[in-house]
Amino acid sequence: MTDIRSIAVNALEDLKGKDIVSMDVSELSDVMDTLIICTGTSNRQVKSLANNVVEDGKEAGIRPIGVEGMEQGEWVLVDYGDVVVHVMQAETRGFYDLEKLWSMTPNTREDADGSDPHQP
């Protein structure tokens with residue numbers, strides 16, 4: 001069995017992607033299990049990093065469901081279904097802060113009164 005998560009992380013490391021984070025979001029999402037986030041230093045590097053993920057995946061026989069943002073190179077998303085790779089420039093990554101967003105427990109309707117679901 002080929003592990004797209006490992007392939008993606010290795011592809012990002014090969015081209016010197018910065019601050020690579022792999023998060024298990026299976027408890028927070030029904031549509032994906034793993035979120036991989038990486039920073040590129042320029043739009044050219046962001047595109048190259050994302051393209052390397054796609055190419056290494058293809059070599060292993062795995063094609064992405066979709067790729068978004070390759071034209072601009074500010075934020076490229078490579079969707080493999082259970083694994084989603086985000087390659088972003090530092091400013092964009094800092095602004096959207098996906099690590100924080102995906103590490104938070106979502107509120108439920110019962111918590112809609114504004115109470116903190118993390119407090120007993």
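**A buried threonine and the fold around it**

Thr-92 is buried, with a relative accessible area of 7%; buried means under 20% relative accessible area, exposed over 50%, and partly exposed in between, with a 1.4 Å probe and protein chains only. The model is predicted: local features need a pLDDT of at least 70 and side-chain atom pairs count only at pLDDT 80 or more, whereas totals for chains, interfaces and linings use all residues. Residues are numbered from 1 along each chain as its sequence is written, and side-chain values use heavy atoms, with hydrogens and water left out.

Thr-92 belongs to helix 3 (residues 90-96). Leaving aside residues up to four places away in sequence, Thr-92 touches Glu-74 and Trp-75, where contact means heavy atoms within 4.5 Å. With Glu-74 there is also a polar contact between the two side chains, at 3.0 Å. A polar contact is a pair of N or O atoms within 3.5 Å; within protein, one must be able to donate a hydrogen and the other to accept it, and residues adjacent in sequence count only if both atoms are side-chain atoms.

The chain as a whole contains four helices and five strands, in the order α-β-β-α-β-β-β-α-α from the N terminus. Helices (H or I, at least four residues) and strands (E, at least two) are DSSP runs, numbered from the N terminus. Of the 120 residues, 37% count as buried. Among contacts between residues at least 6 apart in sequence, 54% join residues at least 24 apart.

Helix 1 (residues 4-14) opens with a side-chain oxygen of Asp-3 within 3.2 Å of the backbone nitrogen of Arg-5. Its buried residues are Ile-4, Ile-7, Ala-8, Val-9, Ala-11 and Leu-12, and they pack against strand 1 (18-24), strand 2 (34-40), helix 2 and strand 5 (83-89). Lys-16, which follows helix 1, has a positive phi near 65 degrees.

Helix 2 has 17 residues and reaches 24 Å from its first C-alpha to its last, close to the 24 Å expected at 1.5 Å a residue; the expected span is 1.5 Å times one less than the number of residues. Among its buried residues are Val-46, Leu-49, Ala-50 and Val-53. The cover over the buried residues of helix 2 includes helix 1, strand 2, strand 3 (66-68), strand 4 (75-79) and strand 5. Just after helix 2, Gly-61 takes a positive phi of about 85 degrees.
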